[in-house]
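Colleague: I would like to learn how to read ring pairs and cavities in a model. Please take one feature at a time.

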Amino acid sequence: MKEDPCADEVSGLAPVSSFSAVQLSYVKLTSERRAGLSRPAQPVNTSPVGAQPSQRKALLPLLSAADMREEEEHGLHYEEAPLLTGQVANAKLESDSLRFGRAGHLAGLEAAVATSASPLCPGAAIILPVGTAALVVISLLVALRVYVVRTSEAQAARSIYLMINFILVMNYTIVILDSFDLCAAVGLSGGASGRMVGMYMLGFCFGSVCMWLLVRGHPHLWRDSPQRVLIWMLTFQFVGSALYTFVSHTVVYVRVEHGLAFSPFMRSALPVMLMSSRFISGLGSGSCQQFYVGSMLHLTPVAARSTHTARWVFSGMIAIGIGPMVAAALQELEPCGTDKHYDLVGWTQVLLAVGSLATVAWLHPDLTGCGDSMETDSDDSSPAQENQAAGERRSRDRWQRKVVVFGCLCMASLRAFGVSAIEVVIAMLLEEVYAWDQRIIGLTIGAVFLCCIPLKILHSLLAHALSVVGWIRLLTGVALMGSCLLCKSLQMVLRVDGAEQLIVAAIVVFPTLYLSDALGSGIMHQHVLAEGSLFDGNHAQLWYNLMQGMGRFLGPWIARSTVQVHGQDAFAAQQLAVALAFLCIFETCARPYLRIKDETKQCDAGLRQVSL
């Protein structure tokens with residue numbers, strides 16, 4: 001191996017204050033040599049201050065393998081290649097080298113060196129974005145406080161449950177932007193990153209079962225001890241968020257800021273801790289949703305359930321879109337200019353969990369004086385109390401209602417699978433295939449999911465034109481056409497950019513599939529049976545959470561694995577099958593057994609009033 005001809009001209013080490021300038025000079029020197037320019041007469045010292053050989057080998061080199069070979073041809077050894085130990089350089093340079101080649105690699109190095117010299121880094125990297133998030137949470141708490149003191153106890157409780165639902169769903173999607181890179185940093189594959197996102201929903205299912213068992217043994221918890229129950233369950237959300245923050249902060253500190261390699265123990269422990277953190281957070285989310293949605297059925301008369309069910313579903317729709325946008329905003333507010341501060345999302349999740357706990361402890365009303373709408377349901381009478389003909393008619397009606405509830409549950413599962421799959425696959429493809437910046441990806445995905453708002457407004461204005469059955473058919477048909485746009489092979493036919501095609505397909509599929517499921521959920525809650533049945537409010541919500549949770553757990557995992565193994569067209573076929581199955585189940589299980597036309601009209605009227 002050749003020696004650097006300029007090495008003997010270097011005397012002493014560069015002072016600490018000029019370390020970044022030395023590194024930047026080396027980058028400019030390398031760029032000039034590749035451009036065909038001569039080396040400068042005065043060489044620069046390329047050894048980091050205080051870096052011993054053992055330390056330097058442990059640090060992640062800035063140069064790719066191809067770069068190192070070229071440097072050796074020009075007389076520079078690997079041991080003499082400069083290493084940047086700033087908080088952003090390593091991960092940023094890896095990304096730039098992969099996406100843009102060696103020219104982009106060097107450009108990224110210059111930007112990283114300039115960033116690492118910022119006096120705000122690394123101390124203010126967390127303070128500014130998380131502090132801003134804290135101000136937003138406090139403002140929302142104050143606004144909610146002003147509202148709940150002016151309304152009834154039942155409506156105050158429903159409003160608090162909506163806010164908690166919004167936060168819990170947002171914590172599910174806020175990690176999507178960082179999921180691929182964070183999992184790669186701890187040694188997990190792209191498919192495993194989808195499993196990490198979906199692990200939240202596996203815990204969600206487990207939490208739903210635990211809360212169902214608790215409510216089954218104590219059916220009046222919704223009125224006697226709602227605060228205590230919710231605080232205990234939200235504690236799981238806090239613990240899971242704290243564990244996620246520990247993992248992400250460890251990755252940032254070891255890999256990004258210092259470029260060090262993990263110890264064997266940490267290499268094996270971090271992936272387990274990461275998956276566990278999502279499971280624990282999901283456990284808190286599932287138990288809370290099982291409890292407060294069942295409580296809303298007790299607090300809400302049958303005629304008004306479609307309205308409040310739609311509000312609950314709609315708040316989840318908005319939260320799914322807001323999650324990636326919040327992650328992108330945190331990266332934008334981060335003063336060090338890097339998209340590798342994964343712990344920002346972790347700290348924000350902790351903050352949101354604390355905000356949820358404060359909401360319940362501070363604002364939840366006393367419900368001991370509220371009536372039980374489930375007890376006043378006219379279906380509580382037993383068939384044995386009627387004559388034989390009426391009893392048979394009532395038994396048939398109960399059977400039909402069970403079929404309707406079951407069909408709506410299957411529709412919810414398919415919707416959860418399809419929507420979660422689209423979100424994570426589009427994020428992965430825009431970053432890995434089309435080299436989009438993560439901030440732009442987050443804003444784009446958020447904007448796509450927020451398209452449900454104009455669609456809801458359109459539905460409200462034209463609701464009289466079709467029945468709820470007609471709307472579900474129309475929306476699902478549009479989702480089928482949107483799924484076809486996911487096919488990569490259509491790029492040649494449509495002559496459009498691949499990224500733009502993905503975004504248009506998502507704009508079409510997500511809002512239509514979600515709104516059609518919101519209509520179906522309103523129908524389901526109007527057809528739940530009296531307490532004691534396997535399809536009463538508590539049981540129906542359990543089945544809903546389990547089927548939706550499994551859909552959201554399997555969706556990201558299967559979708560990313562499908563794209564990696566079989567390609568984008570196979571994913572498009574998968575989404576097409578999901579939308580088609582959604583429509584078939586509605587036509588065979590739900591539509592033929594709707595109880596009475598008046599309730600369909602009530603569902604239409606209720607959903608026209610949906611608002612946050």
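**Rings and cavities**

Modeller: Start with a cluster: Phe-449, Phe-510 and Tyr-514 are linked by ring pairs. The model is predicted, so local features need pLDDT of at least 70 and side-chain atom pairs pLDDT 80 or more, while totals for chains, interfaces and linings use all residues. Residues are numbered from 1 along each chain as its sequence is written, and side-chain values use heavy atoms, without hydrogens and water.

Colleague: How is a pair of aromatic rings described?

Modeller: By the distance of the centres and the angle of the planes. Rings of Phe, Tyr and Trp (its six-membered ring) pair if their centres lie within 6.5 Å; planes under 30 degrees apart are stacked, over 60 edge-to-face, and the rest tilted. There are nine aromatic pairs in the structure. In one of them, the ring centres of Trp-399 and Tyr-593 are 5.6 Å apart and the planes are at 80°, so this pair is edge-to-face. Trp-399 is in helix α14 and Tyr-593 in the loop between α21 and α22, so the pair ties together parts 194 residues apart in sequence. Helices here are DSSP runs (H or I, at least four residues), numbered from the N terminus.

Colleague: Which pair is tilted, with 35° between the planes?

Modeller: That is Phe-449 with Phe-510, at 3.8 Å centre to centre. Phe-449 belongs to helix α15 and Phe-510 to helix α19, 61 residues apart.

Colleague: Is Phe-449 buried or exposed?

Modeller: Buried means under 20% relative accessible area, exposed over 50%, and partly exposed in between (1.4 Å probe, protein chains only). Phe-449 has 2% relative accessibility, so it counts as buried. Phe-510, at 1%, is buried, whereas Trp-399, at 48%, is partly exposed.

Colleague: How many cavities does a search of the whole structure find?

Modeller: A cavity is a set of points on a 1 Å grid over the protein atoms alone where a 1.4 Å probe fits but cannot get out; lining residues have an atom within 4 Å of a point. Points are joined across faces, edges and corners, and the volume is the space filled by probe spheres set on them. The search finds six cavities of 30 Å³ or more. The largest holds about 120 Å³ and is lined by 17 residues, with Asn-165, Val-169, Gln-289, Gln-548 and Arg-552 nearest its centre.

Colleague: Why does the largest cavity lie between domain 1 and domain 2?

Modeller: Domain 1 (126-372) and domain 2 (399-595) both give residues to its lining, so the largest cavity lies between them. The domain bounds come from an automatic or database domain assignment.

Notes:
1 Å grid on protein atoms, 1.4 Å probe; cavity = no way out; pocket = protein on both sides within 12 Å on 5 of 7 lines; lining within 4 Å. Helix = DSSP H or I, 4+ residues; strand = E, 2+ residues; numbered from the N terminus.
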